Amino acid sequence: QNYVSLSTDSLTWVIDGYSFIGSYEHASLPKLRFHAEVFGIELPESIIDNYEPNQGEGWQRRIDGALMFSVDHHPMDQLKGLHWGAGFNVQRSTVSRAGFSSSQEYDTFEPIVRIGYQWFLFGSSGLFITPYAVLGFPIHLSEPDAIDGEVYEEAAVLPVASVQLGWRVPL
């Protein structure tokens with residue numbers, strides 16, 4: 001059976017963002033699920049300040065737009081919802097600092113690995129909830145210029161956890 005799903009990442013809406021995910025599963029590859037996502041978010045100050053080089057500098061970062069492609073593998077027949085996956089996203093971000101009028105844009109390529117569990121509320125189709133955790137490894141394709149002598153910095157590994165909500169239908 002082939003399936004298609006439409007979903008969203010719930011965390012993005014909480015932090016002034018958006019997320020739209022399309023997924024596809026083919027009967028000939030029953031343990032794999034393929035995804036494409038577009039998203040954008042306003043990073044909370046607590047996340048930015050959590051990285052020591054940015055602490056107390058008033059940085060603000062918005063991922064203006066991102067495109068992600070990934071694949072999940074469901075390795076266990078007895079726990080069909082459990083999955084791990086890998087993929088990448090390409091992001092365009094804008095950074096600014098509180099009290100300064102200038103802003104800078106930069107681009108990032110970010111390989112990711114993830115683990116999660118897809119749980120269907122009613123059988124094997126329809127409404128689903130997928131809690132997951134991701135590790136991202138950002139690679140800057142361009143660098144933002146300094147704002148008042150300070151440069152925005154990003155950790156080498158970025159952890160994220162959230163919950164996807166969606167709907168799956170057979171084709």
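Me: Let's start with the largest cavity. How much space lies in it?
Reply: This is a predicted model, and the largest cavity in it holds about 30 Å³ of space.

Me: And how many cavities of 30 Å³ or more are there?
Reply: The structure holds one.

Me: Which residues line the largest cavity?
Reply: The lining is made of I21, H35, A36, E37, M68, S70, R114 and Q164. Strand 3 and strand 4 are the elements that give two or more residues to it, and strand 3 gives the most, with three.

Me: Which of them has the largest share?
Reply: That is strand 10, with five residues of the lining of the largest pocket. By class, this lining has 21 nonpolar, seven polar and seven charged residues.

Me: What about the second largest pocket, how much space is in there?
Reply: About 500 Å³. The second largest pocket is lined by 21 residues, and E25, P30, H74, K80 and R168 lie nearest its centre. Strand 3 and strand 7 (119–120) are the elements that give two or more residues to this lining.

Me: And its classes?
Reply: Eight nonpolar, seven polar and six charged residues line the second largest pocket.

Me: Changing topic: how many residues are in the largest nonpolar core?
Reply: There are 16, and W59, I63 and Y152 have the most contacts inside the core. Strand 3, strand 4, strand 6 and strand 8 are the elements giving two or more residues to this core. The largest share, four residues, comes from strand 4.

Me: What does W59 touch, leaving aside neighbours within four places in sequence?
Reply: W59 is in contact with I48, N54, V95, S96, R97, I147, E150, V151 and Y152.

Me: Now F88. Where does it sit?
Reply: F88 is in strand 5. Leaving aside neighbours within four places in sequence, F88 contacts L67, M68, F69, F109, E110, P111 and I112.

Me: How far is F88 from S46?
Reply: They are 24 Å apart in space, C-alpha to C-alpha, and 42 residues apart in sequence.

Me: Last one: L141, buried or exposed?
Reply: L141 counts as exposed, because its relative accessibility is 56% and the cut-off for exposed is over 50%. L141 is found in the loop between strand 9 (139–140) and strand 10.

Me: Which residues does L141 contact beyond four places in sequence?
Reply: D107, T108 and F109 are its contacts, with neighbours within four places left aside. As for Q91, L141 is 50 residues from it along the chain, and their C-alpha atoms are separated by 9.5 Å.

Definitions and conventions
Residues are numbered from 1 along each chain as its sequence is written. This is a predicted model: local features need pLDDT of at least 70, side-chain atom pairs count only at pLDDT 80 or more; totals for chains, interfaces and linings use all residues. Side-chain values use heavy atoms; hydrogens and water are left out. Ala, Val, Leu, Ile, Met, Phe, Trp, Tyr, Cys and Pro count as nonpolar, Asp, Glu, Lys and Arg as charged, and the others, Gly among them, as polar. On a 1 Å grid over the protein atoms alone, a cavity is a set of points where a 1.4 Å probe fits but cannot get out, and a pocket is an open set with protein on both sides within 12 Å along at least five of seven lines; lining residues have an atom within 4 Å of a point. Grid points are joined across faces, edges and corners, and a volume is the space filled by probe spheres set on the points. A nonpolar core is a set of buried Ala, Val, Leu, Ile, Met, Phe, Trp, Tyr and Cys residues joined through side-chain atoms within 4.5 Å. Buried means under 20% relative accessible area, exposed over 50%, partly exposed in between (1.4 Å probe, protein chains only). Contact means heavy atoms within 4.5 Å.
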